[in-house]
Amino acid sequence: MSYTKLKTLLEKHNQEHLLQFWDNISEKEQELLVNELTSLNIPEITSIFHRAKSSDDAKEQLIDNKIKPIPPNTIESIQQSSSAKLDSYENIGLQEIADGKVAVILLAGGQGTRLGVDFPKGMFNIKLPSERTLFHLQALRIKSLQNLAKRKLGKSKDITWYIMTSDATHDSTVDYFETNDHFGLDKNNIIAFKQGTLPCFKFDGKIILDDKYRISKAPDGNGGLYTALKNEGIINDMKSRGINSVHAFSVDNILVKVADPVFLGFCISRSADCGVKVVKKRSADEPVGVVCQVDQKYRVVEYSEILPSTAELQNDKGELVFNAGNICNHYFTVSFLDEIANKHEDSLDLHIAKKKIPFLNESGNKIKPDKPNGIKVEKFVFDVFKYSNNFAVWEVIRENEFSALKNSNEAGVDCPSTARSDILNLHKRWLLNAGAKSVEGDVEVCPLVSYNGENLSDLVNNKSLRGPQCLMSSD
């Protein structure tokens, strides 16, 4: 596209400022800028901003008169399920794994900025006795689960692990897995792919320049998954491998049960096309989204979208009516993902995040603002719930399955110290339940020893354990 045509296009959509430094950059930089701008669909990009702004404005209208709790026939709880039912679900899930029909999608596009590091969150070490990172722990859980399926069913094909990265995390993530020999997993079953990006905007809708010849971009949120699955050929890869069930979750949950066979079995038994794990809210004012219904469609409603009086509603058992806290832990069938990517991706909700975004001033100098000055547009992974024809909700115990790693230790919550404490406390409960006499200090259980507290009795029965140590596999 010629400069003249590009300038006319930008003027039409109120983005002509993107060429304001044209006469001050080199021919090579001019070429880079033209290539970047022509690669964008400018009308679509400006439309995305306006859609996101309209959606954000609509959120300011409280939906208390529309929101309803999850119908009882849609949700089951691990605490209220019998051992026989849990065993049945687990067997169904293990069979799906053994047949090679299970894949994992790890949402790992975020850097550890809030953690105070400049590398992917999955590479973060919370200082367990084993010194294992999030990526390492999850890899071993996959291997452990494959071993568990093989022991129970006499065979097991591998779980395929898809890792969604971003421009900021992709190369580091790939290099990390290669350096660590993919943690003993088959490298052909670990596939990293990038999520997309969207331009950053000023509050008036103008795209922000990051440099005189480059616009400012940011990852398109974890809901960018669906576009990436299509554009990066992941759905076709899943189909070629015969995958049916997909477990998707965020990288920063230290307690995640990767490809949890009970969750898989629960969803499969209900012929669900989309499922979600939830935990009970700690309190009415805990600032987490809740899974619920709005206008007969399933969705996640943020705490800010309803009045405190609605959040505080209780049923006749004294429990919160809106109690299903969302933890970014999902089940999908491949056919559902295919349908979303090919039929509904363009109509997914858009969300606005007000951020401090570096920009160029009129003189072309880079400015780092000290307060939010712009907007990043994001999609959320859970916004596909409304397209489900058979939705299922599985309530789990927070202390066993959810501990987020988001902040530095100074925050005191969702940080390395709390994540470390939560996983060590979980392992202590496993060991005491398995017959250990006592557990003192930091005693970690290697995932290859036990995926979920099983197979520990012979190892620890009537023993006194003292940390720091990591109980390792003898395999």
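**View 1. Lysine 150 within helix H5 of the predicted model.** Lysine 150 is located in helix H5. Leaving aside residues up to four places away in sequence, lysine 150 touches Lys155 and Ser156. Glutamate 90 lies 60 residues from lysine 150 along the chain, and the C-alpha atoms of the two residues are separated by 13 Å.

**View 2. Packing of helix H4 against helix H5.** Helix H4 comprises residues 83-98 and helix H5 residues 134-153; their axes are 9 Å apart and form an angle of about 105°. Because angles of 65 to 115 degrees count as roughly perpendicular, H4 and H5 are therefore described as roughly perpendicular to each other. On the H4 side, the contact consists of Glu90, Leu94, Gln95, Ile97 and Ala98, which meet Leu145, Leu148, Ala149, Lys152 and Leu153 of H5. Sorted by class, this contact of H4 with H5 contains seven nonpolar residues, one polar residue and two charged residues.

**View 3. Helix H13 and its buried residues.** Helix H13 spans residues 416-433. With 1.5 Å a residue, its 18 residues should span 26 Å, which agrees with the 26 Å between its end C-alpha atoms. The buried residues of H13 are Pro416, Ala419, Ile423, Leu424, Leu426, His427, Trp430 and Leu431. These residues cover an arc of only 150° around the axis, which places them on the same side of H13. An α-helix has 3.6 residues a turn, so residues three or four places apart point the same way.

Notes. Residues numbered from 1 in each chain as written. Predicted model: local features only at pLDDT ≥ 70, side-chain atom pairs only at ≥ 80, totals over all residues. Heavy atoms only, no water. Axes fitted to C-alpha atoms, helices over the stretch in contact; angles between N-to-C directions. Helix = DSSP H or I, 4+ residues; strand = E, 2+ residues; numbered from the N terminus. Parallel < 35°, antiparallel > 145°, perpendicular 65-115°, else oblique. Contact = heavy atoms within 4.5 Å. Nonpolar A, V, L, I, M, F, W, Y, C, P; charged D, E, K, R; others polar. Expected span 1.5 Å × (residues − 1). Buried < 20%, exposed > 50% of the residue type's maximum accessible area, 1.4 Å probe, protein only. Arc of directions from axis to C-beta.
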